[in-house]
Every structure is written in structure tokens, then in C-alpha cells.
Amino acid sequence: MLEGRGLTKSYWVKRNTGLLARRSRLHAVDDVSVQLRAGAVTAVVGESGSGKTTVARLLARIVKPDAGDVLLDGKVVAAARTRSFAAQVQMVFQDPFASLNPVHKVRHHLARPLEIHHTADGDVEAAIRQLLHRVALDPPAKYADKFPHELSGGQRQRVAIARALAVRPRVLLADEPVSMLDVSIRLGVLNLLADLRDRERLAILYVTHDIASARYLADTIVVMYAGQLVESAPSVALTDSPAHPYTQLLLSAAPDPDRLEPPTLAARGAPPSLLAPPPGCRFHPRCPHVMEICKRMAPPTVTVATAHAAACWLHVDSANGVVDGVGVTPATSPSPQREAEVQRPP
Amino acid sequence: MSGPGVSALTSPGSSDAPEFAPGGDVDPVLEIKGLSVDYGFGDNAVHAVAECDLTLGRGRVLGLAGESGSGKSTLAMAAIRLLRSPGVITGGEVLFHSKRTSAGEPTPTLDLLAAGEEELRAVRWSEIAIVLQSALNALNPVSTIGAQFDELLATHRPELNRASRRDRAGELLELVGMTADRLRSYPHEMSGGMRQRAMIAMALALDPQVMILDEPTTALDVVTQREILEELMGLRDRLGFAALFITHDLSLLVEFADDIAVMYAGRLMERAPAASLFRAPRLPYTYGLLHCFPPMHGERYRMEGIPGSPPDLRDLPPGCAFHPRCKWAIPQCRQDVPKLEPLAGSPREVACWLHRGTATAPPELMLPDPTAVRTRSVSVIETSGERAV
């Protein structure tokens, strides 16, 4: 439905001061293509600085790409962020404490988009009630007259989602929607996004650093590293048999209480500077499987299984470029299911 | 350790303390008893921490888990007297059982809450060090890492000259996986992970017996987080300090802590060995919290988390603060506040009416203790005066 094709964005940053001052190019996002489908959640997973938020902003047309196109229903969207585009693609931001105006009540936050986009069918009050009901803020009358500071973090994020829903969008771009929330209420917001996907067939982009929550919510996961896509696959396939060494590293580092043995990190070190990314594969300085070719040439994206693609030389047969798939061991072995689940009485 | 107003006392437990007990509970290094902290005075006071009892065993890692606002940081800050106003300690005692004997005196025990400034100064940083969440705020932005080490060592180790202070600082940085040339760097020139490592090196500088880790890796990426925690636990095994590890991420504690205490709305609600708490929680809140972390393996299934949201400390519900969100609440939960009490026949403590015999606990909260308990190897190198690095 919404598609980004070859999106590239770099920022100019100032380095040093005085006589030594110069500007250098920071490659935030480099040739990234993602597709969002109706009724599906696509998760973008990566560390801070990997460019995942920039991808969401590029798709929302908040940031203009240096190269690449945003396509809606197969048609290239004009560079300007038009009202008709905004009516179809909406964004939910990370910090619900900052994204709501503290001097306005919930009613105002929801009434504005309803009025501007004429989506209330004449009855703004009824539309507000219905929106609050959709995000499970019941009874709606109780919440409409509250100020943001009177709500908890989870409730605030629900208001932010309701505001995005007010224009009846078909695509929701959620940038770390639960990372600022308390652990015990995160699942509630994730389940709300899942319900919107299932009941209303929304296409949802879920940007996160938490690969476990991406596995829980998303249908497809794409992994970003240093501004580039390194792997994309159906979420269970990606977490159960990761093909790219960076995905394996992420999985070995993620907290996992089910693990029986202490994990060994698949690699060490930190992501490269985006001002001068290393030549070849950007992961090669940290990669445990690094080969000569990785240092010279950027890897092509190859299909390693059905709908499972990775940008890694390990999967390219050097002779004819066909998929190899051998020589990569999954970072995690499936562990027995949680005892609590097994022993739960019927 | 004498004089008017000084409250160095010798508790019966520490005078004949064993050298080191792997069980941990036998040899406490920090004992918090009935600690209560309010924010503000009088009728407007908010009870941020209420009657908390917590014991940190020598060489152990005690995880303190809870959501934001549950009082876990307040508890730790109050225990080492770093609480800022309007926080007020309204009761309790915090006993620090020092291992060091100065000039052959018996092992001193110090009540940190009653101690004077001079006594506190002797203990702070040299015996109890702290690593905070935001190293960028904790480090001085206008001086180099080296200068900050130098100041620290010059204050606490006056016998060292400038050259040996610099050598020592370099040693410490290497201990946490950095190179000594980083001493010339300013905090802003380093990545978040490096700053946190420098912070940990600084906390280790005086070979403390207790480390308070207040969300030490929350602002970091998962890979850096695991690297730093693995290093910390390796250092713990080598140097033998005890750690109070505060975090909201229960799944992390299951991997890194020996024991876990769970806080909710200012009260300690459950305390158990990490594996027992994870495999067989007894408290409905812990059970719910464990089901908030989607698993990394197996079938995906819908999880519900915990309904509702954490209570407002200004307006706590009567009885157990968790009862409005608890699906197993019984009438008693709405009236009386449960106390943290040991559970018969196990090393755990729980504050829940479901386990007091008057009610039948649901089978989810009665899972058997895991038999094969995974334990971290604890091999402590005795450090007395001189550091064994």
C-alpha cells in the first residue's frame, strides 16, 4: 500500500569550529526500500543511529529524501506533504508527553483533525466518543475533558493514536510507540495496534529497538544497520533463523530469560560513524564471518528463503551469485517453551 | 568511631560473621530495615517508600525491579543518604557491615541513617559507590576523564603521587575494556557506552564493597548493554563487591541477578532467588510482569499484560495497592495491606494475602520451585586494604 523505494537521506553536520570548521555529510539512510501492506504490521528494528526513525519520517513525508520515491498504491507521491496524503498516512510519535499539547484537553486534540479533514460527518462530539472508544479509553466522556497531564503515559499514547485515527488513515507509522511507557502497559498499546491491523486492515509501520516486541506484533521485520537494510523476513523466521550476522548479534544480545546457557555475543564493538562509513559491507569491522570481499564491495541483497532476504556475502555463491545459505548458524537455539505456559491448567 | 552522636554499633550478626557464605543471606553487607521515605511533609506527603526490608549479601547481586514511580531509586538513594529534598526519610535503619578492619578493631557496623557527615564521607564512594543511568550528567562535562580520576584519587588516596594516580586511572579504564589514552578525552567525545564504562571504572576506583547500579544500561543499545553487564558481572566475580542492581527490565535481572526483589507503589512485594521468581512467581504482580515480556522463541500467542495502570502514589487504593489490577483479589486485599513475610519452606518472601493460608492461591502462583537452579559462579578474591586487581 505504502512503499518506499531506494530512500536515501543524508544530513550536513558541522564539525569543529573556527578555522577548522567544515561540513560533512552524515549518511542517515542509504538506499532503503520497504513495503507496507494493508492488514499487516511491518517492524523496523535497529539500534539508535541506525536510521530507523528517519525511515519512518521519510515515509510520512516529514523529511524530504535526497533520492528515492514514496509510493502510495503504486503511484509516486509528490514531494510536498499534501493534505490528501496526510489524510491517508499518519504518524504516532515516541514521546506521548511531548506530542500532546499540555494546554489543550483531549477533546481539542481530537477535534482539530476531525474539523480540518472534515471526517466527523457533522457530529464532532460523536466522532470523538467513537475515537476514544476505539482506542479503549472507556467511558469516552470521562477522558474527553482531561488534560494530557491528568493521563498516564499509556493513556496519553492512546490519545495520540486516536488523534492519528481521526483522519481515517490507511497507514499508521508508529515510531517507538511504547518505549517511553511502563513495562506493564506496553502490551496494551501493542495489542491495540494489533487490533487496528486485524479489525480495520490498517497498514502499520512499527519502529522499535526491541526485537522481542517486534516478533510479538509484526508480520514482517526489517533490520537496519548504519542506515542500510540488512535483512527482512517474516518475523518468526527472522528471529528463529536469522541469516545476517548483525541480526544474529542483536538476538544474542537481547534479554531472554528463557535462555538456559549464558549467551555468547556474536560480535563486539560499536556501529560505525555515519560520517565516514567503512567501505564494502558496513558491518564488516565487527563481523565474525568477515571475508576479503566484504571489505571491498557492498553486498547484494539475496533471497535466502521464501520472503527472507539478507544483504550479506555469506549467502552469495562466489561463482554464479546463487543463494548458498550454508555456513551460518542460528544465533539462538529454540529453547523449551516457558514452563508457566506448559503447566497452565486448561 | 567514637564521640557524641556517633552511632557505630556492633550487631551480633557481624561480630562472628563467616568469611564468605555462598548462600549470601548469612553474611549481609547492607541491611535495610523498615525504611520509609516521604516526599513532602504533613498531609500532603507522598509515601514513596513504605517500610522496606532488604538485605544485600556480600558478593551477591540483588536485583530491584519495579516500574517508574515504584520507589526503587528512592529506596536506594535514601539508603545511602543521597536523597534530595523534598525527600524525607521518616523511619527505619540502614546497616552497613563493613568488611575492613582498621587497626584491628572489630568489624564495624554503621547505621547510615544515623551517621554523621564525617562517617558518611568515610563510607561514600570508598565503600559504597554508585553508577547512575545517565553518565553524561554524572560526569563533569568541562574536565577530562583523567582529571576526574585524578581528583577522585587525590581526595581519597592522598598517599598516591601524580604519576601513580595516572597509572591507577589507566589501570581502571583497562579493567572496563577501555584504553588508557581515553584519559585525555572529555565526556562528550565518547559514546554512551564508553561514558558508562568510565563511570563504572570510577565507581571501582576505591575498591568498594557495595555498588549501587541505578539503571546502568537503560539508555544504551542492547549490544552495548550486554557487553557492559557481562563485564560488570565478571568484575563482580573477580573483585567480590556486592551489587544492588535497579532496573525496570525484569527479563534482564533474571539473567544477571542472584536474587530479585519486586517493588510496587513504594512497597517491596516479593523477594526470591532469580530462577525461582522467574519460573514460579508467587505474587500476582510478578506473574503479570513476567507475562509482559514477549518470548523470543516458540509460538506467538496473544499476551494481555496487566490491565489498568500503576497507581498514583498521592491516591493509593486501600489495602494492597495492586488489588485493582489483580484478577485474583479477595475481599481481604481491599482492606488490609499485606506485609512482606517469608513463605513457609522456601527462601522467598512475599506480600500477598493469597499465600497466608486463609485463601487458596491459584495454581499459576503455586508452581513448584525449579530444581536445577542455574547459579553464577561466585569466586571471590578477598580484598583487604590492598586491591587484588
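When I say helix today, I mean a DSSP run of H or I that has at least four residues, and a strand is a DSSP run of E with at least two, both numbered from the N terminus. With that settled, hello everyone, and please keep in mind that what we are looking at is a predicted model.

Let's start in chain B with the loop between α2, residues 72-79, and β5, because that is where Pro86(B) sits. The peptide bond joining Ser85(B) to Pro86(B) is cis, with omega at about 10°. Chain A has a cis bond to show you too: Asp138(A) and Pro139(A) are joined by one, and its omega is about -5°. You'll find Pro139(A) in the loop between α4 (124-134) and α5 (140-144) of chain A. Why point these out? Because most peptide bonds are trans, and most residues other than glycine have a negative phi.

Ala226(A) is not a glycine, yet its phi is positive, about 50°. Look for Ala226(A) in the loop between β9 (220-225) and β10 (228-234) of chain A. Is Ala226(A) buried or exposed? It is buried, because 23 other C-beta atoms lie within 10 Å, and 20 or more is the cut-off for that word. Over in chain B, Glu215(B) is a residue other than glycine with a positive phi, near 45°. Glu215(B) belongs to the loop between β8 (210-214) and α8 (222-239) of chain B. Glu215(B) has 18 C-beta neighbours inside 10 Å, so it counts as partly exposed.

Now for some strands, staying with chain B. Strand β2, residues 28-39, pairs antiparallel with strand β3, residues 46-57, over 8 bridges. Tyr39(B) stands opposite Val46(B) of β3(B). The hairpin that β2(B) and β3(B) form has 6 residues between the strands, and Gly40(B) has a positive phi near 90° there. β2(B) also pairs with β5(B), residues 87-97, again in the antiparallel sense and over 8 bridges. In that pairing, Lys33(B) has Glu93(B) of β5(B) as its bridge partner.

Over to chain A, where an open sheet of 4 strands runs in the order β2-β1-β4-β5, with antiparallel pairing. Which strands stand at the edges? They are β2 (22-36) and β5 (75-76) of chain A; each has a single partner strand, so one side of each is left without a neighbour in the sheet. For β5(A), 2 bridges make the antiparallel link to strand β4 of chain A, residues 67-72, and Leu71(A) stands opposite Val76(A) in β5(A). Helix α1 of chain A, residues 52-59, packs on this sheet and touches β1 (2-15), β2 and β4 of chain A. The direction of α1(A) makes about 120° with that of β1(A).

Last stop: a pair of helices in chain B. The axes of α5, residues 145-156, and α6, residues 162-175, come within 9 Å and cross at roughly 115°. The crossing of α5(B) and α6(B) is right-handed. From α5(B), the contact takes in Gly146(B), Phe149(B), Asp150(B), Leu153(B) and Ala154(B), while α6(B) brings Arg165(B), Arg166(B), Arg168(B) and Ala169(B). How do the residues of that contact divide? There are 4 nonpolar, 1 polar and 4 charged.

How values were computed
Residues numbered from 1 in each chain as written. Chains lettered and ligands numbered in written order. Predicted model: local features only at pLDDT ≥ 70, side-chain atom pairs only at ≥ 80, totals over all residues. Axes fitted to C-alpha atoms, helices over the stretch in contact; angles between N-to-C directions. Left-handed = near helix turned anticlockwise from the far one by under 90°. Contact = placed C-beta atoms within 7 Å. Nonpolar A, V, L, I, M, F, W, Y, C, P; charged D, E, K, R; others polar. Pairing = 2+ DSSP bridges. Buried ≥ 20, exposed ≤ 12 C-beta atoms within 10 Å, placed from the backbone.
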